[in-house]
Structures are given as C-alpha cells and as structure tokens.
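Here is a short briefing on one protein model. Look over the sequence and the fold first, then read the points by topic.

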Amino acid sequence: MEQFWSGLLVGLILVLVAQKTLQSRKEVDGAFAHFGNHVKDVIYIFEVKPTFRFRYISPSLDLYLGEGVVAKNYENPDDCFRRIHPDDYQLLMNKVLGKMSYDEAISQRWRTNDGRYLRFEEYTTPIYKNGEIVAVQGIIRNVEAAVMKREELEYESRHDELTGVLNRRAFNEALDCLSRKAVGLIVIDLNDLKKINDSQGHSAGDLLLQKVGFLLQELNTGVYRMGGDEFVVLTNNMQQAKFLDLTASIKNKFELNQISAAVGVAWEEHLIDFTDLYNQAD
C-alpha cells in the first residue's frame, strides 16, 4: 500500500510536469523517463490531440505484458486498443476521450503476449488545454494476484471445503434472490454416514460425502451441503415436470451407486413461505 501511494504521489508530480512539458518533446522524455524508469507500477502519458500517440510508457509494462510491448506501442498506439479485453474496450475509449469520471480507480484487463488477460487498476488524470482534453496520464498497478486471492477467499467462504458444493451461507444468499415463482426443494439425508464413520472410519465417510456431492452436481448446479449428512438441491423457475424428472434422476443415481438416502421433495408454483416449503420437504 505504501508503494502504491508513493507511486500515486509521483503521478501527481508527473501531471504537473506533463502540463508544462507537453509543448516540449525533450523535456517530457527526460522528466517521465527519470521517474517512470525506476518504479514497478506502469506510468504513461497518452496524447489525444493532435494525434493519438504515447509520449511515455515506463519499461515496467514489458514485465507484465511481455517483452517488446512498450516498443510496439510507441510504434503503433493502436496496439493497446487491440490488447484491451473486448468487454473493457469502450472503457478505454471513454478514458482517452474524456467521457468518464476520473475520480475513481479504473479496473481493466490487458492481454499478454502469450494470450492471458491480467487485471490492472489505474488512476487516471486528464490533461486539458484551452478547455479540451489533449492527453491522459495514468498510474497502472497489476492487481491480478490480489484479485485472484480475493476471489479465492470468496469461493472458500461460499463452498463446502470437503465436497466442493455450495454451503449454508451460499444457501441463505440464494434464498434472498428467489423469484418466488416455481421454487423446488429436494432435501437429502444420508442414511449410512454414521454407520460408515463408526465401522470404517471418518475417511470412508468423507469419501461418501464427496461422492454424493459429485453425483448431485452432475445433475444440477444448485447443490448445497447444510452440514453433517444433509444436502439440499434448490431450483428456481424450474417447471414441475422438469423438477420431478430431476428428483427421479437423483434417486436413480443413488440407487445405481448403492447410496442409501432419505429424499424429501417439495415444489410450489408461487412460493409464499419458504419455511413451509422446507418443512414439507424435510
């Protein structure tokens, strides 16, 4: 965090330098190279008028996107527009044309030379002359590792560690998003888990739970482990005939795999009280 804010401070200094030096190629090259060549964050200044071109890109961009990217963008600034993720293309256009707010950090994805997309966060400052935007300057930080870690923690918070299916927290979140139309619930209690744990050990019981989770996910994505030996399958906007087919498929899979379970089922076309529906199935 300290490095980021120091980079942001450098960027503010660069804005002042850029405003002064846009009229002088030698000054801008020297000033930006002096600061930008010694930081890990990517610092750039992109000239919008009179023509699209990069006035400066720090060498650190090659560390993230691949060797030669900086040189390629100096030679052909269209490369950055081809390298941006398609879903972020309009964001890039709005950024360089001044059609957005620069008060917040900008998240965007850029393609590396080997075809991967990395996520970056940027603080951008527009540079104006005579009331119109003539350039944009930004500080870009590679946040791929931080985003992946955040997504990993989010995944772990919503999934059962043993079976990989969704957990009770995710189930409660799903209830908040129910459309209240054609809601179906299948409650599954395994009959033999305690006996297997006692006779064969908990590792054998864990294998049974994992197998059940795998079989259920083959049939539907709305699978939750509520704890212990209880699983539920929650459907939303699935018509009754299809819901009953799903129930039959679950029972058939259990039978084929010699899994003993009590399977309770409830379905309502217009849900009023989910607690009542759960009690019916349980």
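Arginine 111 sits opposite tyrosine 117 of strand β4. This is a predicted model: local features need pLDDT of at least 70, side-chain atom pairs count only at pLDDT 80 or more, and totals for chains, interfaces and linings use all residues. Residues are numbered from 1 along each chain as its sequence is written, and side-chain values use heavy atoms, with hydrogens and water left out.

- Strand β3 covers residues 106-111 and strand β4 covers residues 117-129. Strands here are DSSP runs of E with at least two residues, helices are runs of H or I with at least four, and both are numbered from the N terminus.
- β3 and β4 pair in the antiparallel sense over 6 bridges. Pairing requires that DSSP finds at least two bridges between two strands.
- Glutamine 108 has phenylalanine 120 in β4 as its bridge partner.
- The hairpin of β3 and β4 has 5 residues between the strands, and glycine 115 takes a positive phi near 90° there.
- In a regular strand, side chains alternate between the two faces of the sheet.
- On β3, the covered face holds Ile106, Gln108 and Trp110. The uncovered face holds Ser107, Arg109 and Arg111.
- β4 also runs antiparallel to strand β5 (residues 132-142), joined by 10 bridges.
- Threonine 124 has glycine 138 in β5 as its bridge partner.
- The hairpin of β4 and β5 has 2 residues between the strands, and asparagine 130 takes a positive phi near 55°.

**The cavity**

- The model has 1 cavity of 30 Å³ or more. On a 1 Å grid over the protein atoms alone, a cavity is a set of points where a 1.4 Å probe fits but cannot get out; lining residues have an atom within 4 Å of a point.
- The largest cavity holds about 230 Å³ of space. Volume means the space filled by probe spheres set on the points, which are joined across faces, edges and corners.
- It is lined by 18 residues, and the closest to its centre are Phe54, Leu61, Cys80, Trp110 and Ile140.
- Elements that give two or more residues to this lining are β1 (42-47), β2 (53-57), α3 (60-65), α4 (69-75), α5 (78-83), α6 (89-97) and β5.
- By class, the lining of the largest cavity has 15 nonpolar, 1 polar and 2 charged residues. Nonpolar means Ala, Val, Leu, Ile, Met, Phe, Trp, Tyr, Cys and Pro; charged means Asp, Glu, Lys and Arg; the others, Gly among them, are polar.

- Threonine 125 is found in strand β4. With a relative accessible area of 25%, threonine 125 is partly exposed. Buried means under 20% relative accessible area, exposed over 50%, and partly exposed in between (1.4 Å probe, protein chains only).
- Threonine 125 and valine 96 are 29 residues apart along the chain, and their C-alpha atoms are separated by 10.0 Å.
- Lysine 253 lies in helix α11 (residues 240-256). Lysine 253 counts as partly exposed because its relative accessibility is 21%.
- Lysine 253 touches Leu215, Glu218 and Leu219, not counting residues up to four places away in sequence. Contact means heavy atoms within 4.5 Å.

**Whole protein**

- The protein has 12 helices and 9 strands.
- Of its 282 residues, 45% count as buried.

Conventions
1 Å grid on protein atoms, 1.4 Å probe; cavity = no way out; pocket = protein on both sides within 12 Å on 5 of 7 lines; lining within 4 Å.
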